[in-house]
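Biologist: Please take a close look at one part of this model, the nonpolar core and the helices around it. Keep it brisk.

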Amino acid sequence: MRTFVAGQEAVSETEFAELALGLDVDLFRGPLEPETDSERAAREDAARDVLADLREQGEAGDEIAAWDALYADALTHTVPFLRAASGHRPGTGEAA
């Protein structure tokens, strides 16, 4: 079975969530591959800005933005677990 969201085919669960919610999962969760300290800092800075915008929109009455903010915030809490599970030390790009 093929799944389409807004005319685009979603080939994985992550891609479905990204298309349906309009959120880049890796932006909030972090990539599963190693990233440098500067890459991580830039990604986290951008994620904070997007999350702040979503929260502001939610507080202004946009229910979808409020739910997106909750989902994005939950993704930010999964980073340490995923990095630990993959055997990488945070911020080093090296295996533990």
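Modeller: Leu51 touches Phe28, Ala69, Ala72 and Asp73, leaving out residues up to four places away in sequence. Contact here means heavy atoms within 4.5 Å. The model is predicted: local features need pLDDT of at least 70, side-chain atom pairs count only at pLDDT 80 or more, and totals for chains, interfaces and linings use all residues. Residues are numbered from 1 along each chain as its sequence is written, and side-chain values use heavy atoms, with hydrogens and water left out.

Leu51 belongs to the largest nonpolar core, which has 11 residues. Such a core is a set of buried Ala, Val, Leu, Ile, Met, Phe, Trp, Tyr and Cys residues joined through side-chain atoms within 4.5 Å. Buried means under 20% relative accessible area, with a 1.4 Å probe and protein chains only. Helix H2 (25–29), H3 and H4 each supply at least two of the core residues. H4 gives the largest share, 4 residues. Helices (H or I, at least four residues) and strands (E, at least two) are DSSP runs, numbered from the N terminus.

Now the helix pair. The axes of H3 (residues 37–59) and H4 (residues 63–76) come within 7 Å and cross at roughly 145°. Axes are lines fitted to C-alpha atoms, for helices over the stretch in contact, and angles run from 0 to 180 degrees between N-to-C directions. The crossing of H3 past H4 is left-handed: the near helix is turned anticlockwise from the far one by less than a right angle. On the H3 side, Leu51, Leu54, Arg55, Gln57 and Gly58 make the contact. H4 brings Ala65, Ala66, Asp68, Ala69, Ala72 and Asp73. These residues divide into 6 nonpolar, 2 polar and 3 charged. Ala, Val, Leu, Ile, Met, Phe, Trp, Tyr, Cys and Pro count as nonpolar, Asp, Glu, Lys and Arg as charged, and the others, Gly among them, as polar.

Next, Leu27. Leu27 is buried, at a relative accessible area of 17%. Beyond four places in sequence, Leu27 contacts Arg43, Ala46, Ala47 and Val50. Leu27 and Leu75 are 48 residues apart along the chain, yet their C-alpha atoms are separated by 9.0 Å.

Finally, the setting. The chain has 5 helices and 2 strands. From the N terminus, the elements run β-β-α-α-α-α-α. Of the 96 residues, 25% count as buried. Among contacts with a separation of 6 or more, 39% join residues 24 or more positions apart.

Definitions and conventions: Buried < 20%, exposed > 50% of the residue type's maximum accessible area, 1.4 Å probe, protein only.
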